[in-house]
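Morning, everyone. Please look at the sequence and the model on the screen, and then we'll walk through it.

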Amino acid sequence: MKPRKSTAILMAAWLSTFVVYVFVKPTETTPDGSTSFLNAVPTWVNAEPGR
């Protein structure tokens with residue numbers, strides 16, 4: 001069974017997008033130091049009562 005022309009164009013577009021992503025994908029960067037937001041407290045929680 002032969003795919004329709006629109007289906008073939010769609011598959012070619014997806015394949016070309018994947019190929020471009022593989023060759024142009026950004027380098028993975030790791031942050032320097034520890035960046036943990038597990039114990040982060042918003043500033044409004046510790047706001048001074050006079051302000």
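Let's start with S16, which sits in helix α1. Helices here are DSSP runs of H or I with at least four residues, and strands are E runs of at least two, numbered from the N terminus. This is a predicted model, where local features need pLDDT of at least 70, side-chain atom pairs count only at pLDDT 80 or more, and totals for chains, interfaces and linings use all residues. Residues are numbered from 1 along each chain as its sequence is written, and side-chain values use heavy atoms, without hydrogens and water.

Buried means under 20%, exposed over 50%, and partly exposed in between (1.4 Å probe, protein chains only). A polar atom of the S16 side chain lies 2.9 Å from the backbone oxygen of A13.

Now V24. V24 also belongs to helix α1, which covers residues 5–24. V24 counts as exposed because its relative accessibility is 62%.

Finally, the whole chain. It has one helix and zero strands. Of its 51 residues, 0% count as buried.

Methods:
Polar contact = N/O pair within 3.5 Å; in protein donor to acceptor, adjacent residues only side chain to side chain.
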